Amino acid sequence: MGTILFGRMCPQDRCGERMKQLRFWLGAFFLFVLGMWVSSILNLQTFAQPVFREGNQIVENWRFRDMETKTSEHFTIMYPADRSQEGELMLQVAERVYRAFTSDYVLPSEQTITLVLFPDRTGMQERFGWPYEQSATGVYYGGVIYLLSPDDWMNTDVPPLSDTKAWKEYVYKQGPLVHELAHYYLDQKANGNFPRWYTEGFAQWVEFDMIGYEWIVPHNKLHNEPLYEYAALHDSFDQLENQALAYRQAFMWYRYLLEEYGEEKMEELHTYMQGRLPFSKAWLAVYGRTETEMFAEWETRVKEEEIR
């Protein structure tokens, strides 16, 4: 005799095996759903992030084991052997950025921050698997700050290394260290408990506040472009076609929140984020309204005042 399984007759031994498989997959599905539910309650990503950072540090130390290293009070830089002077000067710039940054924010004093200096765009593209046309002067990822040599920046007015004072001043004001250290700080504080738009808005605010830098190009002026909705910024920030506009929206909305509601509210939000309350719940606890509602309020202000 056989057993009817989902409307079909099958031999007893085969049905027994199928029932075992069915129970296994039903159990796996139940555990997956349970895990997602528990994760949403406990915000488990924030517990995993420190482990990820530690693991990335170990991997990068191995990946770049053939590079030379120099260490200062707060940084260790890995650089190609023929870039010794540049590595030393970059450390000096990093320490200046650190002193300016920590006049307003608290960084873990016991940790040395790892920097990796790439001599050209190709090396950075290979590290992150980027296509040929994609590049950046700096990246923060997993506790490490990656820097592109100023020799390969798009700018043509980088002073020569022989003029050390001018070179350091230029890299301080035009380079990515301020922006990437802001990413490092927020990750250390909140362990990834934030959407991409938020960390980019915060990092651009720090740049603007410290060195007066804004990223403005013809196709990211807010009053001239159709703005991305909040859901797009929150869910698909890195995939948006007009990245310059996405970054500009993130910065200007963050700036609006600071100017309209005050630094105290933002500090309260960061405290909730640090305490592992999920970002949207933390936002609601601080502002009493959802991100979407407040984003719509800001959009109206942009249109009415033709904010760029």
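Predicted model: local features only at pLDDT ≥ 70, side-chain atom pairs only at ≥ 80, totals over all residues.
The protein chain contains 12 helices and 7 strands. Of its 308 residues, 45% count as buried. The accessible surface of the chain amounts to about 16700 Å², and carbon and sulfur atoms contribute 54% of that area. Among contacts with a sequence separation of 6 or more, 63% are between residues 24 or more positions apart.

Two packed helices are described by the angle between their axes and the distance between the axes. For helix H6, residues 177-190, and helix H10, residues 263-274, the angle is about 55 degrees and the axes are 7 Å apart. H6 is therefore oblique to H10. On the H6 side the contact is formed by Leu186, Lys189 and Ala190, which meet His270, Met273 and Gln274 of H10. Sorted by class, the residues of this contact comprise 3 nonpolar, 2 polar and 1 charged.

Arg53 is located in helix H2, which spans residues 45-63. With a relative accessible area of 9%, Arg53 is buried, because a value under 20% counts as such. Leaving aside residues up to four places away in sequence, Arg53 touches Tyr140, Gly142, Gly143, Asp187, Gln188 and Asn191. The side chains of Arg53 and Asn191 are also joined by a polar contact of 2.9 Å.

Asn191, the partner of Arg53 in that polar contact, is placed in the loop between H6 and helix H7 (196-211). Asn191 is likewise buried, its relative accessible area being 9%. Most residues other than glycine have a negative phi. Asn191, although not a glycine, has a positive phi of about 50 degrees.

A positive phi is also found at Arg276, again a residue other than glycine, where the value is near 75 degrees. Arg276 belongs to the loop between H10 and helix H11 (279-287). The relative accessible area of Arg276 is 27%, so this residue is partly exposed. In summary, the two positive phi values described here are those of Asn191, in the loop between H6 and H7, and of Arg276, in the loop between H10 and H11; Asn191 is buried, whereas Arg276 is partly exposed.

How values were computed
Residues numbered from 1 in each chain as written. Heavy atoms only, no water. Axes fitted to C-alpha atoms, helices over the stretch in contact; angles between N-to-C directions. Helix = DSSP H or I, 4+ residues; strand = E, 2+ residues; numbered from the N terminus. Parallel < 35°, antiparallel > 145°, perpendicular 65-115°, else oblique. Contact = heavy atoms within 4.5 Å. Nonpolar A, V, L, I, M, F, W, Y, C, P; charged D, E, K, R; others polar. Buried < 20%, exposed > 50% of the residue type's maximum accessible area, 1.4 Å probe, protein only. Polar contact = N/O pair within 3.5 Å; in protein donor to acceptor, adjacent residues only side chain to side chain. Areas by Shrake-Rupley, 256 points an atom, 1.4 Å probe, with all protein chains shown as cover.
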